[in-house]
Amino acid sequence: MMREYYLNTIILGIFIIIPIWAFIMDEPFTITLMTRAAIFALAAVGLNIALGLGGLVSLGHATFFGIGGYSMGILAYHAQTFTPLMEWPILVSGSKLMPLIWINAVIMSAVAGLLIGILSLRTSGVYFIMITLAFGQMFFFFSISWSAYGGEDGLSIYIRNSFPGLNTLVPIHYYTLCITLLCAVLWINSRLIKSPFGIALNAARQVPARVETVGLNPVRLKLAAFIMSGTVTGLAGALFADLNRFVSPTMFSWQTSGEIMVFVIIGGVGRLFGPVVGALVFVALEHWLGGLSDFWHIYLGLLLLGIVLFGRGGLIGMICGEARLHE
Amino acid sequence: MSLLQLSDVSASYGASQALFGVDLDIAEGQVAALMGRNGMGKSSTVKCICRMLPSSGHIFFAGQDITNMPSHRAARLGIGLVPEGRRCFKDLSVYENLVAAQQAGLWNFAKIVDLFPRLGERESQLAASLSGGEQQMLAIGRALMTNPRLLILDEATEGLAPLIRQEIWSVISKLKYDIGLSILVIDKSLKELRSVCDKAVVIERGLTVWSGQMKDLNQDVAEKYLGV
C-alpha cells in the first residue's frame, strides 16, 4: 500500500509542478487546463463518496454540479445587474464574493441532496440509477425553461467573482483557490474513510441487513454519504461556473453526470486519488486528442472499455494492485 | 421481570409459515437455551426477535413492544446478535468490524481483546482471512461491542474444532458469571447447554412445546423433541 501513497504524492506533485512551470513560462492556458482538471477532480471526489464508499451508483450528480453552478450564476447575475435577488420578506441582494457563493452552493446542494436522497434511497440497484437520472433530467429541463436566468442560452457573468486578498482574474490565483479546496476535500475524505462513520458506511455497503443487527441504520448512513457527496460536487459546480464565467443547463445534463462517473471509473472507484487521476487523464485527452480529431471521445471510450474489462481498480488499481478502502 | 418476552409469535416466509405460536421468556441475567431439531424454527425465532423477519403476536424487550420495530432500533435497545454462519464484514479488518458496531457502554476494543486475545493479534487482518474459529470470536466480539442487554448466539459453535468450541463455551460462562449478561443460546450440544443454561425452551414445528428449568429437561423430552 505504500506504493499507492507514493503514487498519490506524485499525482499531487503534478498538480503543483505543472502550474508553477506554466506560470514561470507564461503559459496561462496550461494553468486554466489544470484548474479545469482540479475542479473536475473535486466533482468526482464528491461522487466517489457516494459511489466508492457508499456503493450508490448515482447517475444524477450533475444535479449538484448544476445547483452549484447556478448558485454562483444567480448570485453574481443579481450583483452585476444591481437587482435584488428577492425583496420580500427580506431584501436579499446578489453577491460577487466567492466564499459567500461557495457557502450558498454547499447549502443548496445539501438541501437538494437531502430531498433527492430521501426519495432515491427508498430504491436500490438499477432503480436508484434511474431515479437519480430522473432528478438530473428534471433539473435540466427546469433550467432550460427558466427564462429569468437565461433559459436554454445560459447565463454569462462578465467578471469573475472575487476572493479577499487574491486577484481571481489571474489564472494562477484562481488555480491556487481550486487546488487548495481540492486538497482540503481530499484530506477530509481520507479522514472520513477511516472514521467510525466511514467504516460503518463501508459495512453498510457490503451487507446492509447485517449492519442493522448491530444497531446502525444503513439508509441513514447512505443518506449522510449522499448529502456529503452532493455538497462537494455542488462546490465544484460553483468553481466551474466561475472558471467559465458562464452557467448553462448543460451543467445539469446526464452527459455531465456520466462524465463525472467516468472520471471516477478511469481513476479507480473507492480510491482516494482515483477521481483526481480520472479528471487529469480526461482533461489531458480532451486537450491533446481534441486537437487531433473531433471524435476524440472514441479514444476515451476505448480507454474506458479497457479499464472496465481489464482493470477494475481503474488506473490506480492497475499500477498499485487491489487495495482496501481504509488503508 | 422479563427482559425478553415472546407470546404467540407467528411468522412466514412468503406463503410458507415457519412459526405458529412461539412463547419465550428470559429474565435479566438469565441464560436460556432455544432448542429443537433442524428446521423447527429456532433461527426464524431469532430473526423475529431481531426484527429481521416480520411477525405477528407480541415481542416485548425491556418492557417495550418491539413487534413492529425496525431491526436497527431493536439492536439499539440492547439485542446483540451473533448470527448463524458468523457473517462478519469480510472486507473490513478485525478492528474495523468491531469499531463499526461500537455503542457506548462497558465493552470496547480493549475489553474484546482481553476476552479474545487472538483478535488483538489479528487486529489489522481482514475478516475474510481469519479461520472459522477466529471469525466466530469476531462475531461474538462485534455483538458485544453493541453493549447488549441480551446476547443471542445462533449456532455459535457449529463446525468449529473442539478446542475452539471449548474456548467459546468458556467465554459464554464468563459472560454469564462475571458480567451477568442475559444470553439466548441456540446450539445442538446438550452437554454444554446443560452446564451453562438456566432454562430451556424447546420448539417443534414452529411451536413452543416445552419450557422450563434446564435441570428439569429430562431424557424423555430430549428423546421426543431433540432426538438425543
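1. Arg51(B) sits in the loop between helix H1 (42-49) and strand S4 (55-61) of chain B. Helices (H or I, at least four residues) and strands (E, at least two) are DSSP runs, numbered from the N terminus. Phi of Arg51(B) is near 65 degrees, a positive value in a residue other than glycine. Arg51(B) has a relative accessible area of 11%, so it counts as buried (under 20%; exposed is over 50%, partly exposed in between, with a 1.4 Å probe and protein chains only).

2. On the basis of the note: this is a predicted model, where local features need pLDDT of at least 70, side-chain atom pairs count only at pLDDT 80 or more, and totals for chains, interfaces and linings use all residues. Residues are numbered from 1 along each chain as its sequence is written, chains are lettered from A and ligands numbered from 1 in the order in which they are written, and side-chain values use heavy atoms, with hydrogens and water left out.

3. Asp8(B) also has a positive phi, about 55 degrees, and is not a glycine. Asp8(B) lies in strand S1 (residues 2-13) of chain B.

4. Now chain A. The peptide bond from Trp88(A) to Pro89(A) is cis, with omega near 5 degrees. Pro89(A) falls in the loop between strand S1 (84-86) and strand S2 (92-93) of chain A.

5. A nonpolar surface patch is made of Ile16(A), Ile17(A), Ile18(A), Ile20(A), Trp21(A), Phe23(A), Ile24(A) and Met25(A). Together they have about 830 Å² of accessible area (Shrake-Rupley method, 1.4 Å probe; for residues, only the protein chains shown count as cover). Patch members have over 30% relative accessible area and no salt bridge; like charges are joined within 9 Å, nonpolar side chains (Val, Leu, Ile, Met, Phe, Trp, Tyr) within 5 Å. A salt bridge is a side-chain nitrogen of Lys or Arg within 4 Å of a carboxyl oxygen of Asp or Glu. Ile18(A) belongs to helix H1 (residues 2-24) of chain A. Its relative accessibility is 30%, so Ile18(A) counts as partly exposed.

6. The structure holds one cavity of 30 Å³ or more. A cavity is a set of points on a 1 Å grid over the protein atoms alone where a 1.4 Å probe fits but cannot get out; lining residues have an atom within 4 Å of a point. The largest cavity holds about 50 Å³ of space. Ten residues line it, and the closest to its centre are Asn48(A), Leu53(A), Asn189(A), Ile193(A) and Gly270(A). H2(A) gives the largest share of the lining, four residues.

Conventions:
1 Å grid on protein atoms, 1.4 Å probe; cavity = no way out; pocket = protein on both sides within 12 Å on 5 of 7 lines; lining within 4 Å. Points joined across faces, edges and corners; volume = space filled by probe spheres on them.
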